[in-house]
Amino acid sequence: MFMNDSLMRRVDDYKNTAEHNDKLHAEFSQLTQSIPFLAQHRKHIETYNLGFGDSAFHYMWYLLVQHLTKYFPQPSLLEIGVFKGQVISLWSLIAAQLALEISVTGISPLKGNPQPKSLWLYRLKAFTNPKFYQDSRSGNFYADEDYYSIISNLFTTFKLNLSDIRIIKGYSNSLPVINSIKNEKFCLIYIDGDHSYKGVVEDLKNYSNLLENNGLLVMDDASYYLPGRTFWKGHKTVSRACEIIPKLGLINILNIGHNRIYKKLNF
Ligand SMILES: C[S@@+](CC[C@H](N)C(=O)[O-])C[C@H]1O[C@@H](n2cnc3c(N)ncnc32)[C@H](O)[C@@H]1O
């Protein structure tokens, strides 16, 4: 394991080639396994189907949380699309284990968007309802479950306090949610909610301006057009939407599998 590893070191060394992207993804997966609390958290998520993504991302978040606390006093982190709480609990766990102070906000509907069981109804809806068609193309379906209780149990399992987290219930593109947060600033925003092209563009336009200068944006499922052979690259819709990011004043500094990291330029 790299004893002096850091986000900046990885950024300085980064090359967006197939070889480097494959190597980084494999190395970060191994590094997740080398840190017992990261390995244990990821194993729990995989065993109980509590989230998506690759185990490499646990080590990525380990570097990111440390980076933020080095450059910002008590950094504020926002996740759009909390699902069952994998990432907000991981951020909290990393902070607790390393005695770092962070503040965490999540935006999520805390309910499902189930797809119809009947193939006939599925086809009919895909044909007649454009939003349903977009959801079907971008993997936007989730079972109806008691998401809040699932998140709460996950926090309890890792002896974390869910009351330290602010959860805003709703969809990121709804006006009440946007208005509730529009005067705030975040050091890191992680977008993993609506995966349709329109939904991602809306999130980017509505939330990238809430980033502090030098703050970081992490886009999930966004590497469809990147070189690499050994990892899942995410959705075409999300990856295409990310093409507007440079126009929003951010630059791509590092990619780990299908997670792309951008930095807001200091104007
Ligand atoms: C892929 S899952 C997120 C997985 C989670 N980030 C993780 O790493 O385990 C997407 C989540 O976003 C939610 N979602 C969909 N559209 C959303 C929106 N516009 N705003 C917030 N959440 C949204 C879904 O209900 C689902 O819980």
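A: Start with the axes: each is a line fitted to C-alpha atoms, for helices over the stretch in contact, and angles run from 0 to 180 degrees between N-to-C directions. Helices (H or I, at least four residues) and strands (E, at least two) are DSSP runs, numbered from the N terminus. Here, the axes of helix α3 (residues 36-47) and α5 come within 11 Å and cross at roughly 160 degrees.

Q: What kind of model is this, and how are its residues numbered?

A: The model is predicted; local features need pLDDT of at least 70, side-chain atom pairs count only at pLDDT 80 or more, and totals for chains, interfaces and linings use all residues. Residue numbers start from 1 along each chain as its sequence is written.

Q: Which word describes the orientation of α3 and α5?

A: Angles under 35 degrees count as roughly parallel, over 145 as roughly antiparallel, 65 to 115 as roughly perpendicular and the rest as oblique. α3 and α5 are therefore roughly antiparallel to each other.

Q: Which residues make the contact of α3 with α5?

A: Two residues are in contact if their C-beta atoms, placed from the backbone, lie within 7 Å. On α3 these are Phe37, His41 and Ile45, and on α5 they are Gln86, Leu90, Leu93 and Gln97. For classes, Ala, Val, Leu, Ile, Met, Phe, Trp, Tyr, Cys and Pro count as nonpolar, Asp, Glu, Lys and Arg as charged, and the others, Gly among them, as polar. The contact of α3 with α5 has 4 nonpolar, 3 polar and no charged residues.

Q: How do α4 and α5 pack?

A: Helix α4 (residues 56-71) and helix α5 (residues 86-98) have axes 10 Å apart, at an angle of about 60 degrees. The pair α4 and α5 is therefore oblique. α4 contributes His58, Trp61, Tyr62, Val65 and Gln66 to the contact, and α5 contributes Leu90, Trp91, Ile94, Ala95 and Leu98. These residues divide into 8 nonpolar, 2 polar and no charged.

Q: At what angle do α2 and α4 pack?

A: Helix α2 (residues 18-34) packs on α4 at about 80 degrees, with the axes 7 Å apart. α2 and α4 are therefore roughly perpendicular to each other. The contact includes His25 and Phe28 of α2 and Ala56 and His58 of α4.

Q: How many residues surround the ligand?

A: A residue is near a molecule or strand if its C-beta atom, placed from the backbone, lies within 6 Å of it. The ligand is surrounded by 19 residues, and the closest are Gly51, Gly81, Phe83, Ser172 and Gly193. The shell has 8 nonpolar, 9 polar and 2 charged residues. α5 and β2 (103-108) each supply at least two residues of this shell.
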